[in-house]
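Here is a friendly briefing to read alongside the model. Have the sequence and the 3D view open as you go.

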Amino acid sequence: MFGLNKIIPVEPNINFLGLRKNFLIFSILAILVSIGLLSIKGLNLGIDFKGGTLIEVSTKNTSIGELREILSSSYGDVSLQEFGNENIILIRLQNKSNQESIETVNSVKSLIQDKVIEFRRSEFVGPTISSELLFRGFQAVSFALIAILIYIWLRFEWQFGFGAVVALTHDVLFTLGLLSILNVEFSLATIAAILTIAGYSINDTVVIFDRVRENLRKYKKLELVDLFNLSVNNTLSRTIMTSLTTLLALVSLFIFGGEVIRPFALTMIIGVIIGTYSSVFIAVPTLLIFKFRPQDEDD
Amino acid sequence: MKNYPIWKSFTVLSIVLLGIIFAIPSIIYDENSENWFLKNKINLGLDLQGGSYLLLEVQLDVLYKEELDNFADSIRLISRDKAAKIEQIVIKENDVIVTFADINKIKDIRDSFFQMYRGVSFQINNNKLNIKLNDDYKKIIQDSAIKQSLEIVRKRIDESGTKEPLIQRSGKKRILLQLPGVKDPERIKDLLGKTAKLTFHIVDDENASAINNNLAPFGKMILLDIYDEDIKYLLNKRAVVGGENLVDAKGSFDQTEGHAVSFRFDTEGAQKFGKVTTNNIGKRMAVVLDGVVITAPRISSAITGGSGIITGNFNAQEASDLAVLLRAGALPAPLEIVEERSVGAGLGADSIAAGQIAAIIGMVLVCIFMILIYGTFGALANVSLIVNLFIIISLLGTIGATLTLPGIAGIVLTIGMAVDANVLIFERIKEESLKQTKVFQIVKNGFDRAMSTILDANITTLIAAVLLFAFGSGPIRGFSITLSLGVIASMFTALMLTNFLLYMYLSISNKKELKL
């Protein structure tokens with residue numbers, strides 16, 4: 001057989017746990033910076049959560065400047081942005097009352113009618129809806145974390161559940177921090193991406209934990225640190241392989257999937273990288289807090 | 001084939017075959033096919049095929065206010081019958097507080113009132129009667145308002161010629177509309193934005209001072225003209241007859257008046273209308289739509305035939321839209337659009353094309369990668385991956401799920417994640433191959449060892465997907481559906497199909513040793 005998988009040795013012996021202090025400091029800093037960014041700069045909330053009006057048009061014989069001129073004389077708070085290519089323009093307006101916004105859509109459309117080939121999309125999210133969507137998104141992420149915690153708790157010992165949730169919380173905060181720095185639009189699709197990241201990261205963590213559990217039974221005499229190291233090494237090639245195939249698919253989605261899906265793909269790419277990192281460097285070292293031996297072996 | 005049960009091969013192959021066969025309708029995608037088999041295709045969501053999503057909220061506050069006004073009017077009537085003097089009536093947010101001149105008749109009035117409005121709460125405090133619109137009563141108003149609104153919205157949408165609309169209640173006071181293929185949501189929004197409450201009232205032209213002082217006496221009201229706000233009418237509050245008595249309305253053309261709406265009353269309406277017009281010849285009759293006067297022609301003769309026309313400065317579209325509204329009936333309360341998402345067919349088609357390209361390229365990249373890393377085993381995993389994609393498509397088609405843009409993203413993501421189970425198995429096989437030499441035993445152990453890990457890992461992803469479905473809305477649900485189906489399909493293809501393919505390969509190639 002001619003596989004290239006021999007690049008990664010069958011039994012690699014990298015001292016991941018030895019590096020744990022450095023990575024722990026890195027992650028703590030990253031989390032602190034993320035929390036800081038989230039509370040000071042905040043997220044670039046999209047129309048789903050901020051409410052407002054969004055119109056996407058494809059144009060002919062005009063420029064974004066010309067459209068801006070036409071619209072800004074009637075609307076002070078209008079913002080325009082090229083979307084993918086210079087003939088496709090996104091027009092955003094701040095939220096007003098429901099009735100007013102619906103009328104705004106109509107009048108914006110009639111103002112630029114003769115410059116436009118097609119109104120590709122128009123969205124309006126009223127003030128009550130946007131706050132409901134935000135609340136539900138928050139709810140979904142929290143429930144997902146709790147449900148995963150419970151599942152891990154049932155399948156493993158509770159210490160593993162704790163480790164998994166520490167890693168997950170780390171992933172979510174870190175990803176949000178990066179979204180804030182990169183100014184990626186935060187929409188309903190981002191919530192979906194974050195939940196999927198949670199699912200993915202836990203998937204990664206579970207695979208390693210599974211091995212930890214197996215090795216705990218197998219090597220009763222081994223030092224915990226060495227045992228954890230062994231487990232990470234055992235699963236290393238799988239961890240790398242799966243992350244790479246997932247990233248391949250996501251990069252393809254990012255490049256070819258179209259403008260609308262791009263923020264989603266970017267969020268997922270960030271999340272998969274962070275999730276893989278945290279499974280190895282956060283979830284496993286967290287287990288060191290607990291003494292699995294000798295008590296565990298006695299019963 | 002060594003030790004591979006026939007029933008197992010049969011099951012695996014049947015599922016694969018079914019997966020491929022039932023993916024055909026979605027791949028051919030004949031939009032108008034009535035064929036029982038080709039009908040099992042994926043539904044495209046509004047964001048892919050173009051269309052409008054609207055969320056409407058019934059303005060219940062208007063109804064509550066109306067009901068409180070009714071309470072006040074009824075109390076006035078009862079008090080007048082019983083010769084009780086009212087000092088003051090105050091209408092608050094949820095209460096009507098009536099102050100009587102004397103305390104004697106309060107209980108009597110309350111009892112009469114209670115006969116009319118059961119379920120309302122009362123409180124008597126000296127000479128004050130407090131009528132409360134309690135939550136139970138509100139809920140009754142709310143439920144019937146939503147039910148009526150749903151019915152009327154449905155009629156209006158049907159009349160507008162929209163194909164396959166989805167209209168359903170959403171939460172306590174909202175109505176959700178999905179209108180596939182609607183190119184002009186503005187017209188639909190106009191149709192839904194009107195309450196379309198039509199009533200006919202006799203005009204009181206003898207009390208000019210009331211209009212000048214802008215103060216309507218009891219039993220009368222002042223309304224404005226639809227075209228000219230300076231024109232005011234003093235009308236009898238009580239309607240002669242209303243839109244509920246209409247049996248038909250359509251746009252028509254009148255030689256002298258231009259575009260008009262002609263209508264016909266039912267028997268009851270025709271009788272009422274005939275009687276009132278007979279008794280009021282020479283007076284004016286106002287046609288009131290949603291609280292403004294459209295027209296107020298003078299009654300020149302009794303109209304007993306039960307039909308007539310409404311004229312105004314309509315154009316053809318306005319006249320026919322008004323006819324649609326009148327035919328469908330009035331909404332119990334105004335509807336407010338709280339969310340709208342409309343996608344044109346162009347963007348939808350672009351999204352599908354982009355999604356397909358992303359999926360194909362992602363697939364090719366992952367396949368190349370798997371072959372580079374695992375060689376022949378990788379190629380076998382790729383067969384599983386492709387079958388996996390077919391199974392997802394056929395499941396989406398047969399359960400009639402809706403594919404959205406995030407749904408496509410879910411499929412592309414699944415392509416990347418689906419090989420995970422294969423990777424887990426191969427890595428275990430690799431480890432096992434160091435321990436022993438019996439080829440089939442290695443493969444068997446590899447699968448057995450990987451099993452619990454695969455289950456754990458996939459179930460956690462499923463948990464996230466199910467919660468997304470529970471809390472998500474619209475397009476996001478599409479994502480959670482494809483992700484869940486992808487996870488389930490990938491477990492099957494890895495644990496059953498890859499397993500089958502490996503045994504096949506090993507027995508045919510007759511390998512004596514296994515080095516991954």
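Chain A is divided into domain 1 (14-45 + 129-298) and domain 2 (52-125), with bounds that come from an automatic or database domain assignment. The centres of domain 1 of chain A and domain 2 of chain A, taken over C-alpha atoms, are 39 Å apart. This is a predicted model, in which local features need pLDDT of at least 70 and side-chain atom pairs count only at pLDDT 80 or more, while totals for chains, interfaces and linings use all residues. Residues are numbered from 1 along each chain as its sequence is written, with chains lettered from A and ligands numbered from 1 in the order in which they are written.

**Strands of chain A**
- Strand β2 (residues 52-59) of chain A pairs with β5(A) in the antiparallel sense over 8 bridges; helices (H or I, at least four residues) and strands (E, at least two) are DSSP runs, numbered from the N terminus, and two strands pair if DSSP finds at least two bridges between them.
- In that pairing, A:Val57 stands opposite A:Phe119 of β5(A).
- β2(A) is also joined by 6 bridges to strand β4 (residues 85-93) of chain A, again antiparallel, and here A:Ser58 stands opposite A:Ile88.

**Where the chains meet**
- On chain B, 65 residues are in contact with 63 residues of chain A (C-beta atoms, placed from the backbone, within 7 Å).
- The largest share of the side of chain B that touches chain A comes from α11(B), with 16 residues.
- That side of chain B divides into 38 nonpolar, 15 polar and 12 charged residues (Ala, Val, Leu, Ile, Met, Phe, Trp, Tyr, Cys and Pro count as nonpolar, Asp, Glu, Lys and Arg as charged, and the others, Gly among them, as polar).
- Strand β5 (residues 116-125) of chain A and β18(B) run antiparallel and are joined by 5 bridges, with B:Glu339 as the bridge partner of A:Val125.

**A sheet in chain B**
- An open sheet of 6 strands with mixed pairing has the order β11-β10-β16-β15-β9-β12 (chain B).
- β11 (232-236) and β12 (241-242) of chain B are at the edges with a single partner strand each, so one side of each has no neighbour in the sheet.
- Strand β10 (residues 220-225) of chain B is joined to β11(B) by 5 bridges in the antiparallel sense, and B:Leu223 stands opposite B:Tyr233.

**Confidence**
- Chain B has a mean pLDDT (the predictor's confidence in each residue, from 0 to 100) of 87, and 99% of its residues reach 70 or more.
- The predictor gives the complex an ipTM of 0.87 and a pTM of 0.82.

Definitions and conventions. Two residues are in contact if their C-beta atoms, placed from the backbone, lie within 7 Å.
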